[in-house]
Amino acid sequence: MSAEFPASERVEEEGRRLSETRSIDYIPHRERHGHPFSQFTLWFGGNLQITAIVTGALAVVLGGDVIWSIVGLLLGQIIGAAVMALHAIQGPRLGLPQMITSRIQFGVFGAVIPLVLVCIMYIGFSASGTVLAGQAMAKLLHIDNAAGMILFSLIIVVMAVLGYRMIHKLGKVASIIGVLAFLYLFVTLLSTHDLAQVWQNRHFSFSTFLLAVSLSSSWQIAFCPYVSDYSRYLPEDVSAKRLFSAVFLGTVLGTQASMTLGVIVAAIAGSAFSGNEVGYIVGLGSSATMAMVIYFAICFGKITFTTLNAYGSFMSLTTIVSGFRQQTSLSPRGRIGFVVLMVAIACAIALMSEPAFLKSFTHFLLFLLAFFVPWSAISLTDFYLVTRGHIDIPALSQPDGRYGRWNGLGIVTYFAGVLIQLPFIDNPLHHGSLTWIFAGNDVSWIIGWFATALLWLACSRWDRRGALSATRYPLSDAFRGR
């Protein structure tokens, strides 16, 4: 112990290092660093991007007016972001990435069930982002779309391999670029279009209002499976209120700005917007130079967002493999290999996709959200009300340990949560029999979350894991008296 560097020097060294050396393993106290504000810039900058604009525009494209669409989107942001920010607090408290904690409720092997779905979802999000960013990059560099997608994917590989610190630095830069680009676009809209008629067009419809709420809340809930991946290096005693506020305000303000812009642009453009989203946004530039600047802003925004997805999918794949191999970490070579694999799959999907295919694939990805809602409910209920954040960290890598190979109670509760949602899902892939109650809108995420949370709270009394009075740390921290 005498040969070790002082804790303060360790923290300073970790803060300076650009590339990440850890993967799914526990982050020791001596390596913790950072401030909650980094969470604000990450989620604020990451959400100032073209996909969020297009998602917000859907509220108008599908029949909503401007005012009530904006209000509905904001309400959905608040609901979804609150759930997301609660997950973020798990990061510094446990010092672990998000999905490995699923082993607590599902078992070391059982956690593979939600993990596989997470991998599929984020590969899909990465693929759709690669299509949009590849097109913008092609315009920016005067190359064809395929070359743009490949180049974009190579950039994502580098960012995801470098990991946690690079992603946060990227978030800070994205915040600055995003704010400048969005200020320009908003000023352009206000100065070149008469928005009076847009604001006066008010026709409240419960169905379209609920659609707006569902669009934005689903957007936020989609971050839950990896939000604590980006907060786990923060000091363990960081203020929960400050961390919650930083994540909540960052993701709400960033996403709401993007979606509000999408609502206004869609209302002004009418049918000219749908199917030509990137082109219409770029067309707001008053000159060829400004058009190139907007293309650059689109590319940079998608780099940040797609890196989040690529890093999250890499962490999920690592968690799957390590569970069966009983590993607690990943070698640098393995890290590069896993990142390249996940990004390559997303790039291949993007290169082979036709527009109609991507639309169908998006419906599939949104349908998968039904499988993440019960996972979120179980995870948060267990953390805040059942185990109260006390876990056996070494046992997460021991199939024959406290959490076992498969936790039948957690798995059954999870699938019960999925089944509860099915009658209320409205998706081209599945039309629930009870969606008529909510004017044909999908509110399955609300019903599924609360029903699963209550079910897990009731069933946890039969859980055989055994209560812990305090968290059990790996030996490296145990020697420090923790």
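1. A residue is called buried here when its relative accessible area is under 20%, exposed when that value is over 50%, and partly exposed in between. With that cut-off in hand, helix 13 of this predicted model can be described as mostly covered, since 29 of its 38 residues are buried.

2. As to its geometry, helix 13 runs over residues 288-325 and reaches 54 Å from its first C-alpha to its last, which is close to the 56 Å expected at 1.5 Å a residue. Just after helix 13 comes Gln326, which takes a positive phi of about 55°.

3. Within helix 13 sits Met290, and its relative accessibility of 22% is not under the 20% cut-off, so Met290 counts as partly exposed rather than buried.

4. Because its relative accessibility is 1%, Ser376 counts as buried.

5. Which residues is Ser376 in contact with, leaving aside its neighbours within four places in sequence? They are Val83, His87 and Trp449. With one of these, His87, there is also a polar contact, made from the side chain of Ser376 to the side chain of His87 at 2.8 Å. The buried Ser376 therefore has a side-chain polar partner in His87, as well as contacts to Val83 and Trp449.

Note on methods: Residues are numbered from 1 along each chain as its sequence is written. This is a predicted model: local features need pLDDT of at least 70, side-chain atom pairs count only at pLDDT 80 or more; totals for chains, interfaces and linings use all residues. Side-chain values use heavy atoms; hydrogens and water are left out. Helices (H or I, at least four residues) and strands (E, at least two) are DSSP runs, numbered from the N terminus. Buried means under 20% relative accessible area, exposed over 50%, partly exposed in between (1.4 Å probe, protein chains only). The expected span of a helix is 1.5 Å times one less than its number of residues. A polar contact is a pair of N or O atoms within 3.5 Å; within protein, one must be able to donate a hydrogen and the other to accept it, and residues adjacent in sequence count only if both atoms are side-chain atoms. Contact means heavy atoms within 4.5 Å.
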